[in-house]
Amino acid sequence: MQVLGKVADALFITKEEAYRPGSCFGAGMLMGGACSAITGSFIAIGIKYGNYAPNDMDQKAIVNAKRMEFLKRFKEAYDGKVTCPELLKIDLMDPEKRKTAHDDGTIECACPNFIRTALKILKDLL
């Protein structure tokens with residue numbers, strides 16, 4: 001959950017507080033879902049702008065607008081791709097393919113780019 005850790009100071013939380021809630025989100029939540037750079041960014045946006053009162057629709061609109069702007073810009077950067085299998089072109093649900101992707105450096109090479117993109121977008125939104 002690199003993204004959330006990198007913006008912890010801007011959110012007035014410790015790196016530990018940032019990493020803990022995000023620790024379950026790597027590799028598309030190990031289900032081939034959204035890239036963890038995206039989920040970490042959504043957590044950051046929620047911490048900064050999220051509503052906490054159930055009927056606070058004004059704040060809900062603000063957080064949703066920030067989330068949608070983030071997603072729009074991330075998609076523009078990666079041809080509409082947002083999930084780990086789409087971005088990495090690997091089925092991370094397959095343990096063998098996931099291991100190969102780690103062993104051959106695919107993840108270590110590609111994922112930092114997704115993180116940098118997310119952080120660049122977040123810098124504008126936070």
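Q: At what angle do α5 and α8 pack, and how far apart are their axes?

A: Please note that this is a predicted model, in which local features need pLDDT of at least 70, side-chain atom pairs count only at pLDDT 80 or more, and totals for chains, interfaces and linings use all residues. Residues are numbered from 1 along each chain as its sequence is written, and side-chain values use heavy atoms, with hydrogens and water left out. Two packed helices are described by the angle between their axes and the distance between the axes. Here α5 and α8 pack at about 140°, with axes 10 Å apart. Because of that angle, α5 is oblique to α8. Helices are DSSP runs (H or I, at least four residues) numbered from the N terminus; axes are lines fitted to C-alpha atoms over the stretch in contact, with angles from 0 to 180 degrees between N-to-C directions. Angles under 35 degrees count as roughly parallel, over 145 as roughly antiparallel, 65 to 115 as roughly perpendicular and the rest as oblique.

Q: Which residues of α5 and α8 meet, and is the crossing left-handed or right-handed?

A: The crossing is right-handed, that is, the near helix is turned clockwise from the far one by less than a right angle. From α5, K66, E69, F70, R73, F74 and A77 meet F114, T117, A118, I121, L122, D124 and L125 of α8; contact means heavy atoms within 4.5 Å. This contact divides into eight nonpolar, one polar and four charged residues, where Ala, Val, Leu, Ile, Met, Phe, Trp, Tyr, Cys and Pro count as nonpolar, Asp, Glu, Lys and Arg as charged, and the others, Gly among them, as polar.

Q: How do α4 and α8 pack?

A: Their axes lie 9 Å apart at an angle of about 20°, and α4 and α8 are therefore roughly parallel. This crossing is right-handed. A37, S41, A44, I45 and Y49 of α4 meet F114, I115, A118, L122 and L125 of α8. By class, the contact has nine nonpolar residues, one polar and no charged.

Q: At what angle do the axes of α4 and α5 cross?

A: The axes come within 10 Å and cross at roughly 155°, which means that α4 is roughly antiparallel to α5. The contact involves A37, I38, S41, F42, I45, G46 and Y49 of α4, together with Q59, I62, V63, K66, R67, F70, L71 and F74 of α5. Ten of these residues are nonpolar, three polar and two charged.

Q: Which residues touch the most other members of the largest nonpolar core?

A: In soluble globular proteins, nonpolar side chains tend to be buried together. A nonpolar core is a set of buried Ala, Val, Leu, Ile, Met, Phe, Trp, Tyr and Cys residues joined through side-chain atoms within 4.5 Å. The largest one here has 34 residues, of which F70, F74, L88 and F114 touch the most other members. Two or more residues come from each of α1 (2-6), α4 (36-49), α5 (57-77), α6 (84-88) and α8 (106-125), and the largest share, eight residues, is that of α8. Leaving aside neighbours within four places in sequence, F114 contacts C35, A37, F74, Y78, L87 and L88.

Q: Where is F12 found, and is F12 buried or exposed?

A: F12 is in the loop between α1 and α2 (15-22). Its relative accessible area of 75% makes F12 exposed (buried means under 20%, exposed over 50%, partly exposed in between, with a 1.4 Å probe and protein chains only). F12 has a positive phi of about 60° although it is not a glycine.
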